[in-house]
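Subject: Structure handover and notes

Dear colleague,

I am passing on a structure for you to look through, and my notes on it follow directly below. Please keep it open while you read, so that you can find each place as it comes up.

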Amino acid sequence: MQHPAVPDLSHTHTRPIHWVATATAVAGVVALSSVLQPDAATAAQSADKAAAPGPKSAPAHIAPPDPATVAFPLECGPVKALVQKKASGDLDGDGRPETVAAVHCDAPMGTPPDGVYVITRDTDGGKPRVVATLVDPKDRRTATELSVRDGVVRATLLGYSSADVPSCCPDVTDDVKWQWKNGAFVSDTPSQARTV
C-alpha cells in the first residue's frame, strides 16, 4: 500500500461557518483601523531627530530640482543664464534632495563670474526655486569644481588677488565648503588661497 505524499488534512476543509467567521474578523479589523488613525505628520522634529547628525538619504522616487527650470537672480541683459555645473544631495536632512548650481551669463567673450545657488522644491513637489546664494556673481569668482557629499557642498573657486587683475586671468584658487547649520548655510574659511 502506498501512502500519499501529503497527509489527509480533513480539518482544513472549509465550511460556510468558516467564511462567516473570517468575514466578521476582517470587518472588525477594518472598523478598528478606521477609528485608530496615526497622528497627522508635522514639519516639527523631535529633539532626538533634530540632533541626529548628517542628512537622511532621499527616497529613490524624489528627483532633485532641475536647475534648467529656475529663474536665477542674474542680470544677463540680452544673453541667457547658463548652468555651468550642478550637484545634488540632501543638504538640510529632510530626506529630499536639493540641487546646487554654478550659473553665469552666457557671454560671448571673457570669463563671466559664476553665481552658486541652492535650489529646492516645496514639500508638495512644486516648482523648483532658489533658496540661497552661496557665491554672488559680484564677487568675481568662477567655480571649476562643484560637489555635494554627506550634506556638504564643496567648490573650487577661481578669483582675483586685486581689482587690477584682468578678468580673463584669475590668479587665486580657494577650496570652499558650505554646510546647513542652525537654519543657514555656513561656509568654512578657506584654509589658504593658492595662486594659480
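The torsion about the S-S bond of C168 and C169 is about -70 degrees, and the disulfide is therefore left-handed. This is a predicted model, in which local features need pLDDT of at least 70 and side-chain atom pairs count only at pLDDT 80 or more, while totals for chains, interfaces and linings use all residues. Residues are numbered from 1 along each chain as its sequence is written, and side-chain values use heavy atoms, with hydrogens and water left out.

To stay with the cysteines for a moment, a disulfide is a covalent bond between the sulfur atoms of two cysteines, and here the term is applied to a pair of cysteine sulfur atoms within 2.5 Å. The sulfur atoms of C168 and C169 are 2.4 Å apart. C168 is partly exposed at a relative accessible area of 48%, and C169 is also partly exposed, with 39%; in these notes buried means under 20% relative accessible area, exposed means over 50%, and partly exposed lies in between (1.4 Å probe, protein chains only).

How many disulfides does a search of the whole structure find? The search finds 2, and one of them joins C76 to C105, with an S to S distance of 2.0 Å. The torsion about the S-S bond of C76 and C105 is about -85 degrees, so this disulfide is left-handed. The pair links distant parts of the chain, since C76 sits in the loop between α2 (47-51) and β1 (81-89), whereas C105 belongs to strand β2 (residues 98-105), 29 residues away. Helices (H or I, at least four residues) and strands (E, at least two) are DSSP runs that are numbered from the N terminus. C76 counts as buried at 14% relative accessibility, and C105 counts as buried at 15%. When the bonded cysteines of the protein chain are numbered in sequence order, the pairing reads 1-2, 3-4.

Next come the charged side chains. Side chains of opposite charge can pair when their charged atoms come close, and a salt bridge is taken here as a side-chain nitrogen of Lys or Arg within 4 Å of a carboxyl oxygen of Asp or Glu. The whole structure was searched for them, and 2 salt bridges were found. In one of these, the side chains of R141 and D174 meet at 2.5 Å, N to O. Because R141 lies in the loop between β4 (129-135) and β5 (142-149) and D174 in strand β7 (residues 172-181), the pair ties together parts that are 33 residues apart in sequence. R141 counts as buried at 18% relative accessibility, as does D174 at 8%. A salt bridge also brings together the side chains of R96 and D94, at 2.7 Å, N to O, and D94 is partly exposed, with a relative accessible area of 27%.

Finally, please look at strand β4, where T133 lies.
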